[in-house]
Amino acid sequence: MNPVPAAAAAPLLEVRNLRVEFPTRRGTLTALDDVSFSIRAGEVLGVVGESGAGKSMTGAAIIGLLEPPGRIARGEILLDGQRIDNLPREKMRRIRGKQIGAIFQDPLTTLNPLYTVGRQLQETILTHLPMTPAQARARAIHWLEEVGIPGAAQRIDSYPHEFSGGMRQRVVIALALCAEPRLVVADEPTTALDVSIQAQIIALLKRLTRDHGTAVMLVTHDMGVIAETADRVAVMYAGRVAEIGPVREVVKAPNHPYSAGLMASIPPLDRKVEHLAQIDGAMPRLTAIPRGCAYNPRCPHVFDRCRVERPDLLDAGTTRAACWLHDPASEKRAAHV
Amino acid sequence: MSENAAGQPPMLEVRDVARYFDVSRPLLQRLLAREGKRTLRAVDGISFDVPRGTTLSLVGESGCGKSTVARLAVGLYGTTRGAVLFDGNDLSSARADAAQRRRMQMIFQDPYASLNPRWRVLDIVAEPMRAFGLVSDRAAREKRVGELLTQVGLSPADGQKFPHEFSGGQRQRISIARALSSNPEFLVCDEPTSALDVSVQAQILNLMKDLQRRMGLTYLFISHNLAVVRQVSDRIGVMYLGRLVELAPSETLFEAPRHPYTRALMEAIPDLDMTGRERIPVGGEVPSPISPPSGCAFNPRCPLANDRCRRERPEMTPVGATLVACHAVEEGRDRQ
């Protein structure tokens, strides 16, 4: 069953060679380097990696909310074929909400504590859709029902603090989806929630995006959430995409040594192991990214070429991986290491 | 089984412990609004013991009281009711007993908040030694800190650095070195890996297991992550709204969970194997511990709830190797 309509074969979102820099007193830091991927309508792209790998920053760059002094130094972001990375602030504000919805980790800081949830929903709807206030209110109630808030017609006039964490995150989802955006950037939408609530929220997000054909970029460090929700996965490491491909292949048979290490270090639920697989060391800081492949100091398969030359995404059969092991030219060297 | 073969008491014994917090509004406001006092029952009558050299884990969702139990276990909170016995001695009477306190240490969740940013690692790790007057000679203390840092996988030279120079995982190693510096026998670990990335989490869990084997440590491990808990525990207690609902040997709990809440928790974990298994999320949310439901606290969310569950609070009852507090299990209604 493929929910993607035939007309949407062209990607809805395209990120090409994106580079984000932070000028500092001690020189320029490169936070994202040559990041490229695309998402089709109705597709969920999971973005995983350790903290500091650049997952959230990629999301922030797409919705045009990079923290200053961070700036896009190179590359482009296209929504439906139109560049959105160089738009004036006011134009970008119109696209945000209408075309791109955002869901952040902490539902308490996303909502304004001084306004009722109804007012916040109505404001968003009125900003982006041609409606009267009464229509907007009806629509706001509709969306609260849609995200499973019981007694939506009564709860609409409540303030955010009157909702529990799980309910608040539902309100945030309603807020992100109420103008019917074509792309949703969800940054750790379930991390602040308990497991039992997490399952409810994921099921909800999946159902809504499927029903509305919305494309989703789902940023999370929780591989379980990715395995259940995503169609494709991008694994990020030190500001670059290390591997990208269909979810089953990346999770079950990864081609990049980092993805493999990451998957292996997840504690299994179905058995007890004496010694968990671990990746030694830590991800490098932006100030000290190693030469060559950024993963080479931690990589069990490292060979000479990895220490000098930086690999781009290469065809690795089932996925694309930025690793010299998948370059036919380096096979001989890899073999005798 | 509260005594082991050698006749020694368990490292920690928790007997019907409760801890309430007064969350009433200020007196004047209360009088104006004509409302009574409000009590939050964070922990409401739980019992378990932790035999020497083993790990007992408490799992549950936020607000279930597991962190309060951690604080009760090291005497950071006093009990409202019941007793906490450490090595056979009541903790409440021994609060001022430094010799007792030296034997228990705590590892906290957030390695960014639990290390003083203005102190060098050397001073952080040596603090318990100074506090308990263990090693008075400065040179000997530095040597000991070096040993401890080596033990947790850092280098003695790291003692001269400040916490900000380390990653999250390395900071948690520093926390562990600090906890070990008073030669404790018992460590209370409150979510020690939940602020860490998964690859680093594996490093810390391996380190903790390794230290336990080498030093015979006893752990009380608090976590919300069932997969993590399975890797480290000998026994597991599942908490819901201030009470234990199930307590069982680790493998028994995972192979045959009995309480409907335990089963729901396991059901809710995302499936990494992508078997396409349709998950049935638990409906509803955790009720407020200020006004818990009558009877069994889980009854509003429980698929097996009946009138008795809404009326009568279930007590922990043995079923095989498991202790479970559920009327449905007791009556065999869960097997229909």
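This is a predicted model: local features need pLDDT of at least 70, side-chain atom pairs count only at pLDDT 80 or more; totals for chains, interfaces and linings use all residues.
Over residues 13-263 of chain A, the chain is 41% helix and 27% strand.

Now take chain A as a whole. Its secondary structure comes to 13 helices and 12 strands. Along its principal axes, the C-alpha trace spans about 70 × 50 × 45 Å. How does the radius of gyration of chain A agree with that of a compact globule? A compact globule of 337 residues would have a radius of gyration near 20 Å, and chain A has 21 Å, so the two agree. Buried residues make up 48% of the 337 residues in chain A. Look at the contacts too. Among those in chain A with a separation of 6 or more, 64% are between residues 24 or more positions apart.

Next, follow the strands. Begin with strand 1 of chain A, which covers residues 13-24. Strand 1 pairs with strand 2, residues 27-39, in the antiparallel sense. Nine bridges hold this pairing on record. A hairpin of two residues joins strand 1 of chain A to strand 2 of chain A. Strand 1 of chain A also runs antiparallel to strand 4, residues 71-79, and seven bridges join them. One residue shows both pairings. V15(A) has F37(A) as its bridge partner in strand 2 of chain A. In strand 4 of chain A, V15(A) stands opposite I77(A). As a rule, side chains in a regular strand alternate between the two faces of the sheet.

The peptide bond from P68(A) to P69(A) is cis, with omega near 10°.

There is also an open sheet of eight strands in chain A. Trace its order: 6-7-8-3-9-10-12-11. The pairing in this sheet is mixed. Which strands stand at the edges? They are strand 6 (100-103) and strand 11 (314-315) of chain A. Each has a single partner strand, so one side of each is left without a neighbour in the sheet. For strand 6 of chain A, look at strand 7, residues 183-187. The two pair in the parallel sense over four bridges. In one of these pairings, G101(A) has V184(A) of strand 7 as its bridge partner.

A238(A) sits in the loop between strand 9 (232-237) and strand 10 (240-246) of chain A. Its phi is near 50°, a positive value in a residue other than glycine. Is A238(A) buried or exposed? A238(A) counts as buried because it has 24 C-beta neighbours inside 10 Å.

Turn to chain B. Chain B is divided into domain 1 (12-96 + 185-331) and domain 2 (98-184). The centres of the two domains of chain B, taken over C-alpha atoms, are 29 Å apart. Where they meet, 19 residues of domain 1 of chain B are in contact with 19 residues of domain 2 of chain B. On the domain 1 side, the elements that give two or more residues are strand 7 (186-190) and helix 7 (198-215) of chain B. Strand 7 of chain B gives the most, with five residues. By class, this side of domain 1 has 13 nonpolar, three polar and three charged residues.

E191(B) is found in the loop between strand 7 and helix 7 of chain B. E191(B) is not a glycine, yet its phi is positive, about 50°. E191(B) counts as buried because it has 20 C-beta neighbours inside 10 Å.Finally, see how the two chains meet. The contact takes 31 residues from chain B and 35 residues from chain A. On the chain B side, the elements that give two or more residues are helix 6 (168-180), helix 7, helix 8 (226-232) and helix 10 (260-268). Helix 7 of chain B has the largest share, seven residues. The residues on this side of chain B divide into 16 nonpolar, nine polar and six charged.

Terms used
Residues are numbered from 1 along each chain as its sequence is written. Chains are lettered from A and ligands numbered from 1 in the order in which they are written. The radius of gyration is taken over C-alpha atoms; the globule rule is 2.2 Å times the number of residues to the power 0.38. A residue is buried if 20 or more other C-beta atoms lie within 10 Å of its own, exposed if 12 or fewer, and partly exposed in between; C-beta atoms are placed from the backbone. Two residues are in contact if their C-beta atoms, placed from the backbone, lie within 7 Å. Domain bounds come from an automatic or database domain assignment. Ala, Val, Leu, Ile, Met, Phe, Trp, Tyr, Cys and Pro count as nonpolar, Asp, Glu, Lys and Arg as charged, and the others, Gly among them, as polar. Two strands pair if DSSP finds at least two bridges between them.
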